[in-house]
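Subject: Structure for you to look at

Hello,

Here is the structure I promised to pass on. Please open it first, then read my notes below.

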Amino acid sequence: MKLNIDDILNIIQNFISDNKVIIIIMISIVILSTLLVNIKGEKKKTKKSYPINHNDPLLSKNDISNKEEFQMSAFNLIKELKIAKMNFDIDTIKTITTDNLFKLYATQIETLKNKQQKNMVGQIEYIKSYITNTINNNVNLRVIIECFDYIIDKNNKIIKGKYNHKMLQTYEIEIMIEKSNYRIHKLELLYEREI
């Protein structure tokens, strides 16, 4: 039995007339589920906003030079800490970190010495940074840098990283302000990738 176009259209028309209720229910379900997905998507896009203390001189738009200077100070502290770790310079680390962070870096340096390894860094460059929070005398920032960062053993064999590829690194840093002196209270590497 061959079907022509008219036969196919009749079959479809009969199916629709016999199943109107089912088709209406299916179309309603599709429309409702689409609406619910769109509503949930809109709710997820809504971001919480946190109040900014506009009296804070570090966040004030009127004092951009102070903010930028502070951001560069944060970068310079990270750079100084990385170089001090490379050179096993405990004294410098002690002057630019708080006690807890100093203990952590002293332990890391001791571990490197015991394994006869060295963390090599070079060409540390500032990319950008922004202030994320200020509480009392502590300021939190995200600082993005690029640098060579790898570990070698006593025979100068590379254990971790690459000597010929820079890394893009994002740090979360908390700086404690004591009068005009800045010290790193916390430092966490959030992200890094080879560039």
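K162 is partly exposed, because its relative accessible area is 40%, between the 20% and 50% cut-offs. This is a predicted model, so please read every value here as computed from it. The side chain of K162 meets that of E194 in a salt bridge, at 3.4 Å from N to O. The pair links distant parts of the chain.

The structure holds 6 salt bridges. Two of them involve K166. One is with E125, where the side chains meet at 2.5 Å, N to O. That pair also links distant parts of the chain: K166 is in the loop between β3 (158–160) and β4, E125 is in strand β1, and they are 41 residues apart.

The other is with E146, with the closest N and O atoms 3.3 Å apart. E146 lies in strand β2, 20 residues from K166.

Is K166 buried or exposed? K166 counts as buried, because its relative accessibility is 11% and the limit is 20%. E146 is buried as well. E125 counts as partly exposed, at 37% relative accessibility. Salt bridges that share partners join E125, E146 and K166 into one network.

**Overall layout**

Now the whole chain. The protein chain has 5 helices and 5 strands. What is their order along the sequence? The pattern reads α-α-α-α-α-β-β-β-β-β. The chain has 195 residues, and 30% of them are buried. Its accessible surface is about 14000 Å². Carbon and sulfur atoms account for 55% of that surface.

Contacts across the sequence are worth a look. Take those with a separation of 6 or more: 56% of them are between residues 24 or more positions apart.

**The core**

In soluble globular proteins, nonpolar side chains tend to be buried together. Here, the largest nonpolar core has 27 residues. Which residues have the most contacts inside it? They are L141, V143, I145, I173 and L187. Helix α3 gives the most, with 8 residues.

Leave out residues up to four places away in sequence, and I173 touches A74, I78, V139, N140, L141, V143, I184, K186 and L187.

**A buried asparagine**

N138 lies in strand β2. N138 counts as buried because its relative accessibility is 17%, under the 20% limit. What does its side chain meet? The side chain of N138 makes a polar contact with the side chain of E174, at 2.6 Å. Neighbours within four places aside, N138 is in contact with N133, E174, I175, M176 and H185.

**A nonpolar surface patch**

Look next at the start of the chain. I5, I8, L9, I12, F15 and I16 form a nonpolar patch on the surface. Together they have about 580 Å² of accessible area. I5 lies in helix α1 (residues 5–18). I5 is exposed, because its relative accessible area is 60%, over the 50% cut-off.

Q123 has a positive phi of about 45°, although Q123 is not a glycine. Q123 is found in strand β1 and counts as exposed, at 52% relative accessibility.

N156 also has a positive phi, near 65°, and is a residue other than glycine. Where is N156 found? N156 is in the loop between β2 and β3. N156 counts as exposed, at 59% relative accessibility.

That is the handover.

Best wishes

Methods
Residues are numbered from 1 along each chain as its sequence is written. This is a predicted model: local features need pLDDT of at least 70, side-chain atom pairs count only at pLDDT 80 or more; totals for chains, interfaces and linings use all residues. Side-chain values use heavy atoms; hydrogens and water are left out. Helices (H or I, at least four residues) and strands (E, at least two) are DSSP runs, numbered from the N terminus. Buried means under 20% relative accessible area, exposed over 50%, partly exposed in between (1.4 Å probe, protein chains only). Contact means heavy atoms within 4.5 Å. Accessible areas come from the Shrake-Rupley method with a 1.4 Å probe; for residues, only the protein chains shown count as cover. A nonpolar core is a set of buried Ala, Val, Leu, Ile, Met, Phe, Trp, Tyr and Cys residues joined through side-chain atoms within 4.5 Å. A polar contact is a pair of N or O atoms within 3.5 Å; within protein, one must be able to donate a hydrogen and the other to accept it, and residues adjacent in sequence count only if both atoms are side-chain atoms. Patches are made of residues with over 30% relative accessible area and no salt bridge: like charges are joined within 9 Å, nonpolar side chains (Val, Leu, Ile, Met, Phe, Trp, Tyr) within 5 Å. A salt bridge is a side-chain nitrogen of Lys or Arg within 4 Å of a carboxyl oxygen of Asp or Glu.
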